[in-house]
Amino acid sequence: MYCDLHMHSTASDGTDTPQDLPALAKAAGLSAFALTDHDTTEGLPACAEASEAVGITFVPGIEVSADPGPATDGQFDCRGTLHILGLFVRHDDEKLAVISERMAAARDERNPAIVERLRALGVAIEYAEVESLAAEQGTRIIGRPHIGQVLIDKGVVGDMAEAFRRFIGRGGPAYERRDRLHPQDAIDAIHHAGGLAVLAHPIQLGLRELSSDLYASYLRRFVASLREMGLDAIEVRHSDHTPAHTSLYQTVAEELGLLASGGSDYHGDRKPVELGSQAVPMAVLEAMQRERTQRSEQAVG
Ligand code: AMP
Ligand code: ZN
Ligand code: FE
Ligand code: FE
């Protein structure tokens, strides 16, 4: 009995529609799954409906882009990616909607700048091509993978990994930063929507260059600072984690009294990651469901 608590649909940068995901999850042998699109809840209602038809437990989620900088204590600099998953969120929460709009606007500002950089590098690409790809898939949340897809379709690169490595990845010649949320705002909005806040793929925080002792101590401090802001759980199992990382993250979760989560971060054809590949036991989901139930009972009583 397994679940997968991290995946994307065409509502952000995945390639399967929210309607199609439940049947795919079931075919992969899963008992439950969460849809966690980047900065949007738009796919959730259709996915919930299709899950009911297929007969699989559905957890409505979101993956919010936050800025790791302000969460540090000034003693070290975290330059990586800070994504915070919200699990069990209400899709129509007004605070999440505000965040979603702000993140969409930040993307609409950054994405054309990336295309401008590509053009300056001699790549024949128009922003309209990116927009039309997104429109075909019905997404408001345009990400670098959509730009990467256009580069692949034009034959500029052979695959997505090459697009990120040569052009649009962090440190690449066409990379542009975008506005992200303070982690406190991300966590507050997720809580407002009735969800649990989960630190996604801690490996991507960008602390990995550090020696293993330093890494473990910086990671603990960083996660402790997020716990002060209300973080509920850490994504212990993820496709980017080695067994050694998984075991470190499990230990840190236990030490800090946080729950453990896990998921594949499936993106359909855009990443070489299979749905359900993390084999996350249902007990992981059940522990989070209990926490969530307790909390809503406290809120009522
Ligand atoms: P964005 O949200 O527009 O900044 O794009 C980030 C997304 O790009 C991530 O959520 C991943 O799905 C994808 N991504 C990031 N790095 C890579 C990479 N090296 N190869 C393929 N996809 C990537
Ligand atoms: Zn993504
Ligand atoms: Fe992520
Ligand atoms: Fe993700």
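Is Glu63 buried or exposed? Glu63 is buried, with a relative accessible area of 1%; buried means under 20%, with a 1.4 Å probe and protein chains only. His6 is also buried, at 0%.

The model is predicted: local features need pLDDT of at least 70, side-chain atom pairs count only at pLDDT 80 or more, and totals for chains, interfaces and linings use all residues. Residues are numbered from 1 along each chain as its sequence is written, chains are lettered from A and ligands numbered from 1 in the order written, and side-chain values use heavy atoms, leaving out hydrogens and water.

Donors are N, O and S atoms within 2.8 Å of the metal (3.2 Å for Na, K and Ca); water is not among the atoms, so sites may look incomplete. His6 lies in the loop between β1 (2–4) and α1 (21–27), and Glu63 in strand β3 (residues 57–66), 57 residues apart. Strands are DSSP runs of E, at least two residues; helices are runs of H or I, at least four. The iron ion (ligand 4) is 4.7 Å from the zinc ion (ligand 2).

Elsewhere, helices α4 (residues 127–137) and α5 (residues 144–153) pair. Their axes, lines fitted to C-alpha atoms over the stretch in contact, come within 9 Å and cross at roughly 110°. The helices are therefore roughly perpendicular (65 to 115 degrees). Glu129, Val130, Leu133 and Gln137 in α4 meet His146, Ile147, Gln149 and Val150 in α5, with contact meaning heavy atoms within 4.5 Å.

Definitions and conventions
Axes fitted to C-alpha atoms, helices over the stretch in contact; angles between N-to-C directions. Parallel < 35°, antiparallel > 145°, perpendicular 65-115°, else oblique. Buried < 20%, exposed > 50% of the residue type's maximum accessible area, 1.4 Å probe, protein only.
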